[in-house]
Amino acid sequence: METLGDLVAAGRGRTGVLFESPERTAPYSYGDFCTNVWKGGNLMRHYGVRNGMRVAVVAGPKNPEDGDEPGYLRDVPDALLAFLAATMDGAVVDMDPPGAVDTKALVAPAAWLDRYELAPGTKALAYGGPSDDPTVAQFERELWSENPLQPPGELSPADDALAADRTYTHGDLLAAGERVVSDYDFDEETTVALRAPVTSAGALVAGLVAPMRAGATVLLGDGETADVAVAVDDSVPEERVIRPTELSV
């Protein structure tokens, strides 16, 4: 396994549950999620996303409420899907974009789009909502009709995938994920509560890459207690905590 594309391809063949959320009527299986990642990659290619381009993704609930903050997932993994989808096309993703966005695409909750000033060449794709702006693509609706095949193009472990405190390659993220799997004994029976903002490499590695590598299940929201939490501190119900800032990525 050399790239995030390999991670997604392997996950598509798994039969278990990848995401559970108290606000979702049914669990989100590995097969469905990874197929939708492929669809998302093809959708972004339709809007011109190619190797080396930048894509901005804002994580949040479908319908944010007062008190919700960008970066935190509550009910849906759409932002994580968008992150992986963009990397399938060779894009470099910023999960903590500034107010002025100058990237090929911006994926964000519809309710938060007005927080961002988009450059003329930036395409907005919204999840939740829907947006009243006719220039904004509705992410879930367009995803549904896309081709469910792996996006074309070649990826390399040395290709950049994430722009955060520094730029991380596909190889960097996969290697760090392997270390988390080993250090925290992740396997197919492990449940991981994702309670940290997914704006850093450490959070994405511990809350997405490592669970997918092991076949574990990621819990979203404030439902049941998991085997381990990805959190910024110990103020969580889980006894075992992975702090993203302490991971070596």
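Here is a short chat about some local features of this predicted model.

Student: Let's start with the rings. How many aromatic pairs does the structure hold?
Tutor: Three. Take F19 and F33: their ring centres are 5.0 Å apart and the planes sit at 65°, so that pair is edge-to-face.

Student: Where in the chain are F19 and F33?
Tutor: F19 is in strand 1 (residues 17–20) and F33 is in helix 2 (residues 30–46).

Student: Which residues do the ring pairs link into a cluster?
Tutor: F19, Y28 and F33.

Student: OK, what sits over the ring of Y30?
Tutor: The charged end of R14, 5.7 Å from the ring centre.

Student: Switching to backbone. Which peptide bond is cis?
Tutor: The one from G129 to P130, with omega near 10°. P130 is in the loop between strand 8 (123–127) and strand 9 (137–138).

Student: Where does D185 lie?
Tutor: In the loop between helix 5 (170–183) and strand 12 (191–194). D185 is exposed, at 58% relative accessible area.

Student: Last one, helix 6. How many of its residues are buried?
Tutor: 13 of 14, so mostly covered. Helix 6 runs over residues 201–214 and reaches 18 Å from first C-alpha to last, close to the 20 Å expected.

Student: And what comes just after helix 6?
Tutor: G215, with a positive phi of about 80°.

Conventions: Residues are numbered from 1 along each chain as its sequence is written. This is a predicted model: local features need pLDDT of at least 70, side-chain atom pairs count only at pLDDT 80 or more; totals for chains, interfaces and linings use all residues. Side-chain values use heavy atoms; hydrogens and water are left out. Helices (H or I, at least four residues) and strands (E, at least two) are DSSP runs, numbered from the N terminus. The expected span of a helix is 1.5 Å times one less than its number of residues. Buried means under 20% relative accessible area, exposed over 50%, partly exposed in between (1.4 Å probe, protein chains only). Rings of Phe, Tyr and Trp (its six-membered ring) pair if their centres lie within 6.5 Å; planes under 30 degrees apart count as stacked, over 60 as edge-to-face and the rest as tilted. A charge sits over a ring if NZ of Lys or CZ of Arg is within 6 Å of the ring centre and within 35 degrees of the ring normal.
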